[in-house]
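Dear colleague,

I am handing over the structure that we talked about, and below it I have written down what was found. Please keep it open beside this message while you read.

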Amino acid sequence: MKLIDTTAAAGHVLCHDITRILPGVEKGPVFKKGHVVTEEDIPILLSVGKEHLYVWEKTEGMLHEDEAAEILRRICMGEDTAMTASLPSEGKIEIRAARDGLLKIDREKLRRVNGLGEMMIATIHGDLPVKAGDKLAGTRVIPLVIEEEKMKRAEEAAAGGPILSILPFRHVRYGLVTTGNEVAAGRIEDAFGPVLKQKMAEYDTECMGQVILPDDRERITRAVLDFAAQGADLILCSGGMSVDPDDKTPGAIRDTGAEIISYGAPVLPGAMFLLSYLTVESKDGEGSAEKRRIPVLGLPGCIMYAKRTIFDLVLPRVLAGERLTNEDLSDYGEGGLCLSCEVCHFPNCRFGR
C-alpha cells in the first residue's frame with residue numbers, strides 16, 4: 001500500500017472500504033476495497049472527509065483481484081457461449097447457464113485449482129440437467145492482490161479445456177417395450193407407459209410407439225430389435241426386471257446381442273436397473289453403412305410409483321449423448337439413497353450426489 005492525496009487518486013485501487021454516514025439515513029461503504037477510483041469519485045471521497053487514501057501500488061508480478069478473477073472465469077468456461085459470466089467485482093465472478101443441457105464438471109481440475117489456495121471455485125453438482133439462467137458456479141480471489149505466477153499455476157492445473165461445459169440435449173426418438181403377463185392379458189392396467197411418457201416429455205423426445213407383451217423372452221427380444229430397425233435412438237424396456245423366474249426382460253435384452261454394461265445399480269429406488277448398448281448397422285443419407293450404438297435400458301417396477309429413481313439420474317446423461325460405464329453407475333453409491341421426502345425438491349437435493 002501507499003498513501004496518496006485523494007485529489008490524485010484517479011486510476012488507483014482502494015486498499016480499504018470508505019464508509020459514509022448520513023445520520024438517520026444510512027451507514028455503509030460508499031466505495032469498497034478494490035474499487036478503482038475515477039475522477040467522478042473524488043468529490044464524493046472529499047465529501048466524506050477522505051483527503052488521503054491508501055491505494056494499491058502496482059508492482060511487477062502482482063495482479064489485482066479483478067484481473068485474477070477474469071483468469072478464473074476463463075479456467076471455468078473458456079469462451080463457451082453456452083454460459084454467461086458477470087463482470088468481476090471484488091474478485092468475484094458468477095457463471096450462469098445460457099441454454100438448457102447437461103452440466104459436466106471436470107472434478108479433478110476443480111480439485112487441483114481449489115487446492116492452490118488464495119482462490120476458489122464453487123459449483124453446483126454436475127451430471128444433472130440445467131436450464132438457461134441457472135447459476136452454475138461462483139469464483140473468488142481471496143486477497144486484494146495475488147501473484148501472477150500463482151494464477152499461471154491455476155491455468156496449468158486446468159489445462160486442456162474448461163472445467164465447466166454444458167452438453168446439449170439431442171432430439172431422441174424412443175421405443176417403449178412393456179412386459180408382464182398380467183398387463184398383456186388385461187388383468188391390470190399398464191402403469192409404466194404414462195409415467196415414462198410424462199418423464200420423457202420433459203425433454204426433446206418423440207415416442208415411436210409402445211408394445212405391451214407377456215413375459216415371453218423371444219417376443220421381447222424381437223420387439224427391441226424391431227424398434228432398433230425402425231431407427232430408434234433409445235429403447236426403454238419396462239417390467240420383468242427381478243430375479244423372479246417369470247421375469248424374462250434381462251435375458252431378452254441380452255439375446256438382442258446388446259452389450260450389458262450393468263445389471264444392477266447402487267441406487268434405491270432402482271437397484272434392478274439394467275444398462276446396455278445395442279450396436280446396429282444402418283445406411284446414411286448417401287447409402288454408406290454406419291454403426292449406431294443404441295442405449296437399451298431395463299427399468300424396474302419402482303419407476304411406476306417412486307417420485308425419483310435411477311432413471312431420473314441416468315436419463316439426462318443418455319439424452320445428452322453420454323456413453324455411461326459401469327464406473328459411472330458405481331459412483332452413484334454415495335448419495336444413491338433417495339429419502340422419499342414428502343415434498344420432492346429433486347434435483348435440488350442430495351439424491352444422486
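A surface patch, as the word is used here, is made of residues with over 30% relative accessible area and no salt bridge, and nonpolar side chains are joined into one patch within 5 Å. Please also keep in mind that this is a predicted model.

With that definition in hand, Met1, Leu3 and Tyr54 make a nonpolar surface patch of about 360 Å². Leucine 3 belongs to strand E1, which covers residues 2-5, and leucine 3 counts as exposed because its relative accessible area is 53%, where exposed means over 50%.

There is also a patch of negative charge on the surface, in which Glu60, Glu148, Glu149 and Glu156 gather. Of these, glutamate 60 sits in the loop between strand E5 (52-56) and strand E6 (62-64), and glutamate 60 is exposed, since its relative accessibility is 81%.

In general, side chains of opposite charge can pair when their charged atoms come close. How many salt bridges does a search of the whole structure find? The search finds 22 salt bridges, and three of them are described below.

Glutamate 206 and arginine 173 form another salt bridge, in which the closest N and O atoms are 3.9 Å apart. Here glutamate 206 lies in strand E16 (residues 205-213) and arginine 173 in strand E15 (residues 172-179), 33 residues apart. Glutamate 206 is partly exposed, with a relative accessible area of 35%, and arginine 173 is partly exposed as well, at 27% relative accessibility.

Finally, arginine 317 forms a salt bridge with aspartate 328, with 3.6 Å between the closest N and O atoms. Arginine 317 is in helix H9 and aspartate 328 in helix H10, 11 residues apart, and both residues are buried. Through salt bridges that share partners, Lys104, Arg107, Asp127, Arg317, Glu322 and Asp328 are joined into one network.

Methods:
Residues are numbered from 1 along each chain as its sequence is written. This is a predicted model: local features need pLDDT of at least 70, side-chain atom pairs count only at pLDDT 80 or more; totals for chains, interfaces and linings use all residues. Side-chain values use heavy atoms; hydrogens and water are left out. Patches are made of residues with over 30% relative accessible area and no salt bridge: like charges are joined within 9 Å, nonpolar side chains (Val, Leu, Ile, Met, Phe, Trp, Tyr) within 5 Å. Accessible areas come from the Shrake-Rupley method with a 1.4 Å probe; for residues, only the protein chains shown count as cover. A salt bridge is a side-chain nitrogen of Lys or Arg within 4 Å of a carboxyl oxygen of Asp or Glu. Lys and Arg count as positive and Asp and Glu as negative; His and the chain ends are not counted. The place of a charge is taken as NZ of Lys, CZ of Arg, CG of Asp or CD of Glu. Helices (H or I, at least four residues) and strands (E, at least two) are DSSP runs, numbered from the N terminus. Buried means under 20% relative accessible area, exposed over 50%, partly exposed in between (1.4 Å probe, protein chains only).
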